[in-house]
Amino acid sequence: QRRVHGGHAKAHIVGIDIFTAKKYEDISTTSHNMQVPNVDRYEYQLTDINKEGYVAIMDEEGNVREDLKLPEGELGEEIRSKFDEGNDIDVVVLSAMGHDQIMDYKTTGK
């Protein structure tokens, strides 16, 4: 926090996008409100991965989603490999600002 010309205190805010790891910065008057996203974390059981990389995942109530893709890169490759080996997998999905993405996984046995 520092004072700038005119005497108003300013705050320098730095945030990292949870989905892309891109850094964002903003400077705002401390008397103004800042919007913050609500982030929800969900765990789903992975039931299938199709050829295009879309996953079928099921929540504890038995509701199935098929609208998410495996993440690109090492995480997606690890999940596919573990699933192809026959492991039971739970995926961690973060949801914020209308965007859902698989961010992690854990094996739950065979």
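Accessible areas were computed by the Shrake-Rupley method with a 1.4 Å probe, and for residues only the protein chains shown count as cover. On this basis the protein chain exposes about 8100 Å², of which carbon and sulfur atoms supply 45%. The structure is a predicted model, in which local features need pLDDT of at least 70 and side-chain atom pairs count only at pLDDT 80 or more, while totals for chains, interfaces and linings use all residues. Residues are numbered from 1 along each chain as its sequence is written, and side-chain values use heavy atoms, with hydrogens and water left out.

The protein chain holds 1 helix and 8 strands, where helices (H or I, at least four residues) and strands (E, at least two) are DSSP runs numbered from the N terminus. Read from the N terminus on, the order of these elements is β-β-β-β-β-β-α-β-β. The C-alpha trace spans about 65 × 30 × 25 Å along its principal axes. The radius of gyration, taken over C-alpha atoms, is 20 Å, whereas a compact globule of 110 residues would have a value near 13 Å by the rule of 2.2 Å times the number of residues to the power 0.38.

Of the 110 residues in the protein chain, 25% are buried, with buried meaning under 20% relative accessible area, exposed over 50%, and partly exposed in between (1.4 Å probe, protein chains only). Among contacts (heavy atoms within 4.5 Å) between residues at least 6 apart in sequence, 36% join residues at least 24 apart. The mean positions of the 13 positive and 22 negative charges are 10 Å apart; Lys and Arg count as positive and Asp and Glu as negative, His and the chain ends not being counted, and the place of a charge is taken as NZ of Lys, CZ of Arg, CG of Asp or CD of Glu.

Rings of Phe, Tyr and Trp (its six-membered ring) were paired if their centres lie within 6.5 Å, planes under 30 degrees apart being counted as stacked, over 60 as edge-to-face and the rest as tilted. This rule gives 1 aromatic pair, formed by Tyr42 and Tyr44, which is tilted, with 6.3 Å centre to centre and 45° between the planes. Tyr42 is partly exposed at a relative accessible area of 38%, while Tyr44 is buried at 9%.

Gln101 lies in strand β8 (residues 99-109) and, at 23% relative accessibility, counts as partly exposed. Apart from neighbours within four places in sequence, Gln101 is in contact with Phe19, Val92, Val93 and Leu94. The C-alpha atoms of Gln101 and Pro71, which are 30 residues apart along the chain, are separated by 7.6 Å.
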